[in-house]
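Please read the numbered points beside the sequence and the model.

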Amino acid sequence: MDVLNLIGGRWAEGDGEEFADTNPARPSEVVARGRFASAREVERAIAAARDAAPGWAATPHHARAAVLTGAADLVDASAGDWGAELAREEGKTLAEAVAEVRGAARILRYYASEADRESGEVFASPRPGESVLVVRKPIGVAGLITPFNFPIAIPAWKIGPALTYGNTVVWKPSSLVPLLAYRLARALADAGLPDGVLNLVYGEGEVGSAIVDHPGVDAVSFTGSTAVGQAVIARCGELGKPVQTEMGGKNASVVLADADLDHAAEQVCLGAFRSTGQKCTATSRLIVASQVADELLERVAERASKLVVGDPLSPEVEMGPLVSSAARDRVAAGVRQAVDEGAKPLAGAAPLEREGWFVPPTLLDLPGTGVDFWRTELFGPVVGAVRASSAEEALGLANLSEHGLSAAVFTRDLGVALSAVDRLEVGVLHVNSESAGTFPYVPFGGAKQSGFGPKEQGRAAREFYTRTVTVYLGSPA
């Protein structure tokens with residue numbers, strides 16, 4: 001299938017290099033083709049967004065919400081077909097892919113419902129005859145840069161709030177997953193979005209840089225690697241431009257001696273291996289109380305070794321491939337290095353000899369926290385375990401990372417759970433459930449090197465996509 005750029009309401013091939021979107025389970029199979037946008041087309045997209053901004057901001061909020069609701073209906077109606085396309089271009093299982101498409105529809109509906117909520121505040125003034133109003137206005141043109149791993153959900157949770165609060169958008173998705181980006185943009189256009197309000201431009205890093213650098217872009221929201229995110233933060237700082245980033249994670253699951261070990265093993269495996277570990281919130285570090293470590297690791301290894309790995313469109317498959325050969329090679333190299341540094345493989349580790357970018361679900365018993373694996377995000381289905389002698393030590397080890405996105409704690413002790421809330425340096429904490437997973441109506445984002453700027457999702461998104469004006473409203477003399 002051919003995918004097109006969307007600029008100023010017009011669908012067209014780009015002027016740049018041709019690209020092919022291939023199936024990571026069968027790399028010879030082309031899922032979609034297209035052309036990247038040229039520098040001139042990025043300029044046109046930004047100009048179109050600027051031209052459309054005043055009209056869209058002046059559109060009543062309920063009219064903007066109606067477009068989001070209409071798009072959500074189109075997304076929902078196509079969930080089966082688009083889920084299969086998502087599985088083919090990104091690699092997650094069909095069940096996960098269909099759930100992601102339906103999740104994107106729920107996100108759009110949530111942000112449509114913002115039209116029914118308060119849009120400002122009124123404060124009392126100490127001066128007679130005066131009120132103080134705090135009103136919210138759109139920031140203008142939002143530049144959005146999204147990753148491959150959730151090709152419709154992450155764009156939805158950026159585009160939804162951007163549009164509902166009256167902004168226009170220039171969006172660069174990952175070139176690894178162009179088809180679902182095309183589907184989402186089509187749904188919004190078909191739902192009645194005015195020309196120029198949403199602009200979709202395909203490209204590599206230079207297109208992202210052009211969006212970040214352009215004076216016509218008022219704010220930037222980025223999800224991706226920590227290294228690129230830090231460069232985006234630095235550049236926006238130079239330009240004095242608001243920026244929101246969600247970056248890497250090296251998320252820990254802490255299993256304490258009083259935990260339900262069967263439940264903990266199940267949840268650790270879900271957090272580590274679902275979506276082939278290609279989640280910023282995936283479990284990649286496992287900290288286990290030494291009293292139960294052998295028992296817990298045996299349970300995790302058994303579950304990991306029984307997972308069915310293969311074509312994500314097959315209903316019996318529980319884990320698909322990584323998204324690309326580069327991802328497969330990076331993960332395999334990281335596992336080899338960990339073994340060279342003394343890690344003991346308890347499950348997986350050996351390469352899978354088959355077509356496609358597959359690696360096995362892997363559990364490593366680490367010799368300690370000094371190995372590179374403890375620090376480096378592999379972004380694949382690999383989890384490394386260490387032992388802790390106490391709950392206090394376990395929580396300290398969980399904090400031993402430059403990242404602070406998500407964590408999970410498994411315990412029956414309410415006091416320990418509350419201590420974890422206080423002590424763990426993360427933006428998302430799960431107690432007795434896997435480290436991955438978030439709801440669209442609550443804030444999402446990390447601490448330390450995992451995030452910068454206002455959080456995403458829920459009403460927290462309003463802090464990024466709007467600016468406040470404080471109005472002192474007095475009676476005429």
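1. Basis. The model is predicted, with local features requiring pLDDT of at least 70 and side-chain atom pairs counting only at pLDDT 80 or more, while totals for chains, interfaces and linings use all residues. Residues are numbered from 1 along each chain as its sequence is written, and side-chain values use heavy atoms, with hydrogens and water left out.

2. Main core. The largest nonpolar core contains 99 residues; such a core is a set of buried Ala, Val, Leu, Ile, Met, Phe, Trp, Tyr and Cys residues joined through side-chain atoms within 4.5 Å. Buried means under 20% relative accessible area, exposed over 50%, and partly exposed in between (1.4 Å probe, protein chains only). Helix 4 (residues 94-112) supplies the largest share of this core, nine residues. Helices (H or I, at least four residues) and strands (E, at least two) are DSSP runs, numbered from the N terminus.

3. I287 is among the residues with the most contacts inside the largest core. Leaving aside neighbours within four places in sequence, its contacts (heavy atoms within 4.5 Å) include V254, W374, V386 and L397. A second, separate core of 29 residues includes A259, A265, V288 and M319.

4. Aromatic pairs. Eight aromatic pairs are found in the whole structure. Rings of Phe, Tyr and Trp (its six-membered ring) pair if their centres lie within 6.5 Å; planes under 30 degrees apart count as stacked, over 60 as edge-to-face and the rest as tilted. F148 and F379 have ring centres 5.9 Å apart and planes at 85°, so this pair is edge-to-face. Because F148 lies in the loop between strand 7 and helix 5, and F379 in the loop between helix 12 and strand 16, the pair ties together parts 231 residues apart in sequence. Both F148 and F379 are buried.

5. Charge over a ring. The charged end of R285 sits over the ring of W374, 4.7 Å from its centre (NZ of Lys or CZ of Arg within 6 Å of the ring centre and within 35 degrees of the ring normal). K92 lies over the face of F150, at 4.3 Å from the ring centre.
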